[in-house]
Amino acid sequence: MPGVYLLGVGLVIMLAGLLFGYDQGVISGALDGIQKQFSVGTFLLEVITSWVTLGAMAGALVAGGLADRMGRRWTIVFAAGLFVAGALVEALAPGSGILVVGRLLVGFGVGVASVAAPLYAAELAPSRVRGRMVSLYQLAITIGIFIAYFADYLLINGDKWRVMLGISAIPGVLLVLAILPLPDSPRWYVKEGRHDEARAALHKVEPFADTDAELAAIEDLNAKEARGSWGEVFATRWRRPLVIGIALAVLQQFTGINAIIYYADKIFAAAGFSTPGGQSLATLWAIGAVNVVATFVAVAWVDRFGRRPLLLVGSVGMGVSLIVVGAMFEVLDRHPSHGGGTSTTGVVTLIALVTFIASFAFSLGPVVWTIINEIYPSHMRGRAVAVATAANWFSAWLVSQFFLSLVGLITEAGTFWLFAGFCAVTFFFVRRFVPETKGKSLEEVEALWGDRSAMRAAIAGTE
Ligand code: BGC
């Protein structure tokens, strides 16, 4: 049955993304209940909140080597096992110490999966749908965040936190079930010298394509490459793709996306949404749902329009809306009376935030993950993707950890304008350095790094 394997790959990547989004989002609603039950102080609450991100960073780093050694598929199974275990430890934790252990396990699992799952999908998908396949990952992240917001909303009374944390074991189990019948990626098989399995895997996902030609291209490149090592990842020869991947990963976070995701309620409160119910509804729909819906744009068009146009248009949309959000806070600062009830300022802020989220969702959200997973040469892809992904997690941690202090230091307006500045940096960086990878096989993308004129054409869009 043609297509069924491709659907299976889609399912794997979606389940991995769902876990990522859900685990990232659900904790804010659970904190209250945890605090009541264990009477923990602020520091421990912060640890319980943010160590998932640090665990994910460590997981991402380890995942590179694992994915190159054990294969993409077993690495995903390992990650799923970790967060099933972590979710159960969290749900059953008798005290705050064990809860922290559960958080670290979950974080570590999410981190490993955040490297292995998109990598697996990017390597297994035919190039005509590769962007779309990796964008499915982002779509699932946004659905996970939406479900988490919804759970937070239900958790307002704070007594069901164990259920909400434990529930993420279910998609973890489903992930194992979804991936077991699938093959590993053909590119990994070739690296391991398992050519028959590589051929079979290629044939399964694209039964009507010219499997032999594709296999020959993968093998040809593999024969020329050194074995992937950490030394290779940082070798001068590959400096350019390494820097591009890390820069995009960091910029994705420095544009403030998770500050908005985590602190949306607070931002809406400051902008004049006075009741907690009103704030959490605004967050659920204006941020959570818009994030999901706008991601469809990328899923539908990333392989048609290409990566560069989406990134360029998106970073302009994000930058402009952040400038407006900042300006609204400036108005609020000067005329605090405007802050009561949902004033014009509040409504404009809401519209600007919706525009920001929508612009992120069709551009930097999905496309950064897509590019990170397609620009590295095959022999070091696992490790290089891991470095870029870990940089993304570290930046996410930095922003969410220091957002409130930053607001204290340079005000809300200043903070949003700073994020807007990073949108401008993203725009110019993409325009100057990021090649278009739409429609190219991973082997063709790899060839770009050694071919100046092809690279210039891929950046200028003149191929
Ligand atoms: C980012 C996450 C973010 C999410 C929001 C992802 O691409 O990596 O940090 O929370 O998008 O939709």
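Tutor: Gladly! Keep in mind that this is a predicted model. Let's begin with one of the pockets: helix H21 contributes the most to the lining of the second largest pocket, with four residues.

Student: How much space lies in the second largest pocket?

Tutor: The second largest pocket holds about 290 Å³. Its lining has 13 residues, and the closest to the centre are Arg240, Trp449, Asp451, Arg452 and Met455. Two or more lining residues come from each of H13, H19 and helix H21 (452-460).

Student: What classes of residue make up the lining of the second largest pocket?

Tutor: Six are nonpolar, one is polar and six are charged.

Student: Now the largest pocket. What is its volume, and which residues lie nearest its centre?

Tutor: The volume of the largest pocket is about 1200 Å³. Look for Ser28, Leu31, Tyr262, Tyr263 and Lys266, which lie nearest its centre among 40 lining residues.

Student: Which element gives the largest share of that lining?

Tutor: Helix H3 does, with seven residues. Several other helices supply at least two residues each, including helix H2 (27-38), helix H5 (96-124) and helix H15 (276-301). By class, the lining of the largest pocket divides into 18 nonpolar, 15 polar and seven charged residues.

Student: Which domains does the lining of the largest pocket draw on?

Tutor: At least three residues come from each of domain 1 (1-182) and domain 2 (228-463).

Student: Which helix gives the largest share of the largest cavity's lining?

Tutor: That is H6, with four residues. Helix H6 (130-154) is one of the elements giving two or more residues to this lining, and helix H1 (4-25) and helix H14 (257-270) are also among them. The lining of the largest cavity has nine nonpolar, eight polar and no charged residues.

Student: Last topic: helix packing. At what angle do H4 and H8 pack?

Tutor: Helix H4 (residues 72-92) and helix H8 (residues 169-179) pack at about 160°, and their axes are 8 Å apart. That angle makes H4 roughly antiparallel to H8.

Student: Is their crossing left-handed or right-handed?

Tutor: H4 passes H8 in a left-handed crossing.

Note on methods. Residues numbered from 1 in each chain as written. Predicted model: local features only at pLDDT ≥ 70, side-chain atom pairs only at ≥ 80, totals over all residues. Heavy atoms only, no water. Nonpolar A, V, L, I, M, F, W, Y, C, P; charged D, E, K, R; others polar. Axes fitted to C-alpha atoms, helices over the stretch in contact; angles between N-to-C directions. Parallel < 35°, antiparallel > 145°, perpendicular 65-115°, else oblique. Left-handed = near helix turned anticlockwise from the far one by under 90°. 1 Å grid on protein atoms, 1.4 Å probe; cavity = no way out; pocket = protein on both sides within 12 Å on 5 of 7 lines; lining within 4 Å. Points joined across faces, edges and corners; volume = space filled by probe spheres on them. Domains from an automatic or database assignment.
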